[in-house]
Amino acid sequence: MRTPRFQDLALWAAVCVPPAAAALDPDGRTLTPLIAGVPLFGVATALGRARPLTALAVPVALTLALDARMLAPLYWTWAALALFGYLAGRRAESGRAALWFFAAVALSGLPLSAFVLRDLWGWPTQLLTLLLAVVLPWLAGRWHRQYAELVDTGWRLADRMEREQRAVADRARTRERARIAGDMHDSLGHDLTLLAVRAGVLELDPGLDARQRDAVRELREAAAEATHRLREIIGVLREDDSLVPPREESVESLVERARDSGIPVVVEQTSGTDGLPPMAALAVRRVLQEALTNAARHAPGATVRVRLVRDETAFGVRVVNDAAPAARAPGRVPPGAATGGSGLVGLDERVRFAGGTLRSGPTPAGGFEVSAEVPIAGRGGNPPGPDSGDGREGSRDAATAAELVLARRRVRRRLVEAAGVPVAVLAVIAVITIPLGFVGSSLSVLDRETYEGLHVGDPRDDVRSGLPVFTRDGPPEGAPVPPEGQDCLYYTVKNADRLAYRLCFGGDRLVSKAVVP
């Protein structure tokens, strides 16, 4: 907060130096710069940050009030015009309001020159002064603001890219965690469940003594506890299902392993998975594996019937287990083999990922059925990566490209402003000069009779009352230098473009008149 205040005080001191110097000038000492300039420049400084264009309007209005051509007092207002013009371009968000302001100031010069100065040639002078003292510094401020915005945009884009790279790395880690979780659930969970089932069957063997049964029971409980802990770990790791597990054993191997663990599996119909897309084949194996694991957990000893059907468009898998036999009462089921509730959810996602559908639920006979159908012409065998399938990568690229396009447009627009505005103003001045020459020549003609009726010593007001509305654009080429200390006006001689009437005033009186070439 302290730095902006010091900067504003320094700005005010800088723009007040020329008025103070003008007030102390012994050749043209006047208190107007101190009385008008210093407080008004203080007001402009106070408004500079909140309303930069209003702050610029203060020295512009003061200059116009002192001279409609903005030229005579320029020696002590030029610093304020240039500095506040630069700050208006630097601080204002949009340049449109400033362009309208410049246009209004330029158009106001015509009536001021016509009715106050009574000199049409004061208007081009005002336009040129406005261009050099105000518009060019304003364009410099706009360029500085543009450069700062482009630098800021570059840093923001770099920061965004860095954050996106971190996000990509985080998603890659999440995918790897999910892949590990899926592998643990689908492979280790299946193996641990079968191990617990085998231990439970062995525990019932009548040929074992008490010590052996205790050892087998401890083995079964350890397998169940390992299954429970595995399920907890999977709950932490499995944050994403978009994973690519490794290749697994065939469906025949899965069936044989289930039979070896004591599950009565009946294959009613089978078809090979050769030639299926990788994701479709993986989904079929996972459905069969999950269904056999659930049957071992929830219906130990029940017969499991497997049907694998393949046609021209799809591959279907159906696994149905009967109700658990009455001999397998609760307590005979391995304690840790209860479902965690996430196997079928993940399986449904995996089947959907392969383009298929999954159905599961109890059967009328009291058993449970899991069936799935996946298309043979699948999605190409690979799941979407972390940045595909959801449009995130494309949306980021589109956002970055759009921001770059906007930055380029701003650069082009401001380059057009920087190069086009001065050229346009100069072109307008050139265009205005041509008609002003004709208008000035016709409206500054002094009749010979009126000229001859003027006498040296006549009051200035009486002389001016009979003169033309406008004066000529300065003396003709080659005219003698006017006497020192006299204010001379030049008027056009009818039908004599190379001659001019010169009327010189000293104080409030006409002191000389002449026809000058």
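**Briefing: cores, a disulfide and selected residues**

Arg 145 is buried, with a relative accessible area of 14%; buried means under 20% relative accessible area, exposed over 50%, and partly exposed in between, with a 1.4 Å probe and protein chains only. This is a predicted model, in which local features need pLDDT of at least 70 and side-chain atom pairs count only at pLDDT 80 or more, while totals for chains, interfaces and linings use all residues. Residues are numbered from 1 along each chain as its sequence is written, and side-chain values use heavy atoms, with hydrogens and water left out.

**Helix H6**
- Arg 145 lies in helix H6. Helices (H or I, at least four residues) and strands (E, at least two) are DSSP runs, numbered from the N terminus.
- Arg 145 touches Gly 89, Arg 90, Arg 91, Ala 92 and Glu 93, leaving out residues up to four places away in sequence. Contact means heavy atoms within 4.5 Å.
- Trp 138 also has its place in helix H6. Trp 138 counts as buried, at 1% relative accessibility.
- Trp 138 and Ala 88 are 50 residues apart in sequence, yet 6.3 Å apart in space, C-alpha to C-alpha.

**Nonpolar cores**
- The largest nonpolar core has 35 residues. Such a core is a set of buried Ala, Val, Leu, Ile, Met, Phe, Trp, Tyr and Cys residues joined through side-chain atoms within 4.5 Å.
- Val 287, Leu 288 and Val 374 have the most contacts inside this largest core.
- The elements giving two or more residues to it are helices H6 (122–203), H8 (251–260), H9 and H10 (343–353), with strands E2 (304–310), E3 (314–321) and E5 (368–375).
- H9 supplies the largest share of this core, 11 residues.
- Val 374 touches Ala 280, Ala 283, Val 284, Thr 313, Ala 314, Phe 315, Val 351, Ala 354 and Gly 356, not counting residues up to four places away in sequence.
- A second, separate core has 34 residues, including Val 15, Cys 16, Leu 131 and Trp 138.
- Cys 16 is buried, at 12% relative accessibility.

**Disulfide**
- A search of the whole structure finds 1 disulfide, meaning a pair of cysteine sulfur atoms within 2.5 Å.
- Cys 488 and Cys 504 form the link, with 2.1 Å from S to S.
- The link of Cys 488 and Cys 504 is right-handed, with 105° about the S-S bond.
- Cys 488 lies in strand E7 (residues 487–493) and Cys 504 in strand E8 (residues 496–506), so the pair ties together parts 16 residues apart in sequence.
- Cys 488 is buried at 15% relative accessible area, and Cys 504 is buried at 0%.

**Ser 271**
- Ser 271 sits in the loop between strand E1 (265–269) and helix H9 (278–298).
- Ser 271 counts as buried, at 18% relative accessibility.
- A polar atom of the Ser 271 side chain lies 3.3 Å from the backbone oxygen of Leu 308.
- Ser 271 touches Leu 308, Val 309, Arg 310 and Phe 315, with residues up to four places away in sequence not counted.

**Helix H2**
- Helix H2 (residues 32–47) has 16 residues and reaches 22 Å from its first C-alpha to its last, close to the expected 22 Å. The expected span is 1.5 Å times one less than the number of residues.
- Pro 33, Ala 36, Gly 37, Phe 41, Ala 44 and Thr 45 are buried in H2. They cover an arc of only 145° around the axis, which puts them on the same side of H2. The arc is that of the directions from the helix axis to the C-beta atoms.
- Exposed residues Ile 35 and Ala 46 are on the face of H2 turned away from its buried side.

Note on methods. A polar contact is a pair of N or O atoms within 3.5 Å; within protein, one must be able to donate a hydrogen and the other to accept it, and residues adjacent in sequence count only if both atoms are side-chain atoms.
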